[in-house]
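Have the sequence and the structure open as you read.

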Amino acid sequence: MRTLTITVQTAEGLHVKPASQLFMTARNFSCRITASCGEAQADCKNILELLSLGAAGGERLTLSFDGTDETEAENAFCRLAEESEEFS
């Protein structure tokens, strides 16, 4: 299992656009990918669960990767955080 922490950079928090970026990235991998914010946890392959996290701007999301392609998935999310204005 691998983990990565990213920060939500938008003032609006984790709204539809950044949640869809996480979802679209996650669906390319077979491993289990979860996002945690405080006590809440969501399957990154379920956009409604991601939106229900209610992450505010500036809050950190901890992403967990578990499965055969977890390293590749973690690398893809690192690239997303580097290239997107929504995360850092």
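Start with F77: leaving out residues up to four places away in sequence, F77 touches L4, L22, T25, A26, I33, L63 and F65, where a contact means heavy atoms within 4.5 Å. Before going further, a word on what you're looking at: this is a predicted model, in which local features need pLDDT of at least 70, side-chain atom pairs count only at pLDDT 80 or more, and totals for chains, interfaces and linings use all residues. Residues are numbered from 1 along each chain as its sequence is written, and side-chain values use heavy atoms, with hydrogens and water left out.

**The ring pair**

The structure holds one aromatic pair, and F65 and F77 form it: the pair is tilted, with 5.5 Å centre to centre and 55° between the planes. For the cut-offs, rings of Phe, Tyr and Trp (its six-membered ring) pair if their centres lie within 6.5 Å, and planes under 30 degrees apart count as stacked, over 60 as edge-to-face and the rest as tilted. The pair links distant parts of the chain, with F65 in strand β4 (residues 60-66) and F77 in helix α3 (residues 70-83), 12 residues apart. Helices (H or I, at least four residues) and strands (E, at least two) are DSSP runs, numbered from the N terminus.

Buried here means under 20% relative accessible area, exposed over 50%, and partly exposed in between (1.4 Å probe, protein chains only).

**Helix α1 and its buried side**

T25 sits in helix α1 (residues 16-26). Beyond residues up to four places away in sequence, T25 touches A76, F77 and L80. The buried residues of α1 are P18, A19, L22, T25 and A26. They lie on the same side of α1 because they cover an arc of only 130° around the axis, the arc being that of the directions from the helix axis to the C-beta atoms. What do they pack against? The answer is β1 (2-7), β2 (32-37), α2 (47-52), β4 and α3.

Sequence neighbours up to four places away aside, L14 touches V8, A19, L22, L50, L51, L53, A55, L61 and F87.

K17, also in α1, is partly exposed. The side chain of K17 makes a polar contact with the side chain of E86 at 3.3 Å. That term covers a pair of N or O atoms within 3.5 Å; within protein, one must be able to donate a hydrogen and the other to accept it, and residues adjacent in sequence count only if both atoms are side-chain atoms. E86 itself is found in the segment after α3, and its contacts outside four places in sequence include T7, V8, H15 and P18.

| Residue | Relative accessible area | Class |
|---|---|---|
| T25 | 14% | buried |
| L14 | 6% | buried |
| K17 | 47% | partly exposed |
| E86 | 7% | buried |

**The strands**

Now for the strands, which pair if DSSP finds at least two bridges between them. β1 and β4 pair in the antiparallel sense over six bridges, and R2 stands opposite F65 in β4. β2 and β4 are antiparallel as well, over five bridges, while four bridges join β2 to the antiparallel strand β3 (residues 40-43). A35 has a bridge partner in β4, L63, and one in β3, A42. The hairpin of β2 and β3 has two residues between the strands, and there G38 takes a positive phi near 65°.
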